[in-house]
Amino acid sequence: MTTVAGALPPQARDARMRIWRGDANGGEHVEYVVPMDAGMVVLDVVHRIQATHAPDLAVRWNCKAGKCGSCSAEINGLPKLMCMTRMNEYPPGDEITVSPVRTFPIIKDLVTDVSFNYEKAKTIPPFKPKPKDPDGKRRMYQEDVDRVQEFHKCIECFLCQDVCHVIRDHDENKPSFSGPRFFVRLAALEMHPLDTNDRLELIRAKHGLGYCNITKCCTEVCPEDIHITDNAIIPLKERVVTRHYDPIAWALRRMRGKRDDFASPEPEPPSA
């Protein structure tokens, strides 16, 4: 059922929006019709609806510049930032549906509880630099800088988490699978030439890297154009395989007297 809120006729100069209203106990999409100015983005229209029709409409936002990642939503079924989605992307007069991201529990209206991500972040060992060179400096090649710099562009909008079907479709997978945002974080640390922490066993056994089947849906929705699959997830998979499953690498470690650490058991397999 759709409730109509707003008295203006659906002219081409007006914005026709269907916004999800409700909380964890349920809700529905409510239709609003408001005047639209040139250059507006979806977040502008949501703010206008707040000002003229629904002052209790809950929406999370901060910078309105595509850099804070706060205003994530699903617009016509596609995960996007509301502040970076222009109204003129849609034909005049078309109805635009705005819904909260599906992967995380709803708090109210367009606001979801993304605390899962912050709890996962706590489990990642921080950057631990190697000792300085004899002259008191640390050096790294420019290509190494360029390689990890891409990962630092992440604004934590969690759109990649939203589309990852391993956690989107099966909530029970969350304890054993961290999702693409944190594989980006782990890649930024693991590929940093000055970092000395070894996280490969953690990545394999606790963050569930092996359950990612590289569909690239996370890469497709990233507003910062981070090549999550090709540049972060696949290289991490290669490192884990080399460490734990490559017989030549295993033999070399044994010859050099290095032990294999399999103390952490495999997590329960995520649902299909």
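User: Hi! Is Ile248 buried or exposed?
Analyst: Ile248 counts as exposed because its relative accessibility is 60%, and exposed means over 50%, buried under 20%, and partly exposed in between (1.4 Å probe, protein chains only). Keep in mind that this is a predicted model: local features need pLDDT of at least 70, side-chain atom pairs count only at pLDDT 80 or more, and totals for chains, interfaces and linings use all residues. Residues are numbered from 1 along each chain as its sequence is written, and side-chain values use heavy atoms, leaving out hydrogens and water.

User: Thanks! Where is Ile248 placed?
Analyst: Ile248 lies in helix α10, residues 247-255. Helices here are DSSP runs of H or I with at least four residues, strands are runs of E with at least two, and both are numbered from the N terminus.

User: New topic: how many residues of strand β6 are buried?
Analyst: Four of the five residues in β6 (residues 95-99) are buried, so the strand is mostly covered.

User: And which strands pair with β6?
Analyst: Strand β2 (residues 14-23) runs parallel to β6, joined by four bridges, while β4 (residues 72-75) pairs with β6 in the antiparallel sense over two bridges. Pairing requires DSSP to find at least two bridges between the strands.

User: Which residues stand opposite each other there?
Analyst: Arg18 is opposite Thr97 in β6, and Ile75 is opposite Val98 in β6.

User: Nice. What about the whole protein, how many helices and strands?
Analyst: The protein has 10 helices and eight strands, and 44% of its 272 residues count as buried.
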